[in-house]
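Have the sequence and the 3D view open side by side.

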Amino acid sequence: MSAARQPEYRIDPQFTERWSPRAFTGEALDFGTLLTILEAARWAPSGSNLQPWRFIYGLRGTPAFEPLLATLAESNRVWARQAGALVLVLSRTQRVVPGKEEPQPITSHAFDAGAAWMSLALQAQALGWHAHAMGGFDRAVARESLGIPADHALHAVVALGRRGEASLLPPALQEREQPNARLPLAALVAEGKFGFEG
Ligand SMILES: Cc1cc2nc3c(=O)[nH]c(=O)nc-3n(C[C@H](O)[C@H](O)[C@H](O)COP(=O)(O)O)c2cc1C
């Protein structure tokens with residue numbers, strides 16, 4: 001791993017080895033591997049075990065791929081079109097509670113969907129694929145074209161792909177095609193009350 005990816009404390013290498021490349025070979029992801037990756041997401045923890053995450057997928061070379069691709073910002077579409085599959089991560093924001101007339105909010109839906117996305121990414125990495133989440137997509141277009149109801153939040157479109165050479169990318173993106181670093185742990189952690197370095 002690169003110098004940027006050295007942990008301050010020894011951890012399982014899966015955490016530093018996972019990263020989000022953009023150079024994908026164009027190899028299609030097979031359905032079985034996709035299901036294995038989503039199976040990992042299914043086992044994420046969630047508030048009250050409500051499992052609010054949902055996934056809408058399109059495998060490369062199938063009719064479901066293009067509508068997902070079309071939701072992406074151009075800056076993402078330029079490289080994500082080479083992905084083996086695209087997966088939209090969404091979550092239910094409300095639930096019906098017995099005895100209550102109105103649907104009740106699922107307060108942890110975004111937190112839970114984030115946990116599921118990470119499980120998905122780590123499982124993809126373990127299988128020799130890479131996952132790259134994108135917040136840069138048109139949520140209104142996705143909601144309309146994919147038929148997503150108002151009580152579901154749209155979080156990210158994830159490109160799943162087999163990593164290729166950086167030379168596959170436009171020149172501006174080639175320079176960025178490397179694992180990045182992290183803030184120091186001291187900037188993220190405080191004892192007892194709010195107070196962070198930096
Ligand atoms: C919610 C979310 C949205 C993101 N949106 C984009 C995006 O629109 N385009 C992009 O190229 N990368 C996007 N990324 C990738 C991040 O830039 C990347 O995860 C971050 O720089 C850390 O790098 P790493 O994943 O390689 O460790 C997104 C990541 C997340 C989790």
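Which residues line the second largest pocket? They are R5, R18, W19, S20, R22, H132, R176, Q178, P179, N180 and R182. Before going further, a word on what you're looking at: this is a predicted model, where local features need pLDDT of at least 70, side-chain atom pairs count only at pLDDT 80 or more, and totals for chains, interfaces and linings use all residues. Residues are numbered from 1 along each chain as its sequence is written, and side-chain values use heavy atoms, with hydrogens and water left out.

Rolling a probe the size of a water molecule over the atoms shows where empty space is left. Here a pocket is an open set of points on a 1 Å grid over the protein atoms alone, where a 1.4 Å probe fits and protein lies on both sides within 12 Å along at least five of seven lines; lining residues have an atom within 4 Å of a point. Grid points are joined across faces, edges and corners, and the volume is the space filled by probe spheres set on them.

The second largest pocket comes out at about 190 Å³. Its lining has two nonpolar, four polar and five charged residues. For these classes, Ala, Val, Leu, Ile, Met, Phe, Trp, Tyr, Cys and Pro count as nonpolar, Asp, Glu, Lys and Arg as charged, and the others, Gly among them, as polar. The largest pocket has a volume of about 450 Å³. Of its 17 lining residues, P7, I11, T16, R182 and L183 are the closest to the centre. The lining as a whole has eleven nonpolar, two polar and four charged residues.

L188 sits in the segment after α7 (171-174) and, at 47% relative accessibility, is partly exposed (between buried, under 20%, and exposed, over 50%). Helices (H or I, at least four residues) and strands (E, at least two) are DSSP runs, numbered from the N terminus.

Now for the charges that pair up. The whole structure holds three salt bridges, each a side-chain nitrogen of Lys or Arg within 4 Å of a carboxyl oxygen of Asp or Glu. E27 and R162 form one of them, with their closest N and O atoms 3.3 Å apart. This pair links distant parts of the chain, 135 residues apart: E27 is in the loop between α1 (14-17) and α2 (31-42), R162 in the loop between β6 (152-161) and α7.

E39 and R42 pair at 2.9 Å between the closest N and O atoms. They are three residues apart in helix α2, so about one helical turn separates them. E74 and R77 pair at 3.2 Å, and they too are three residues apart, in helix α4 (residues 74-80).

Last, the backbone. Most residues other than glycine have a negative phi. S48, in the loop between α2 and β1 (53-59), has a positive phi near 55°. Q51 is found in the loop between α2 and β1, with a positive phi near 50°. S48 is exposed at 62%, while Q51 is partly exposed at 30%.

Notes. Buried < 20%, exposed > 50% of the residue type's maximum accessible area, 1.4 Å probe, protein only.
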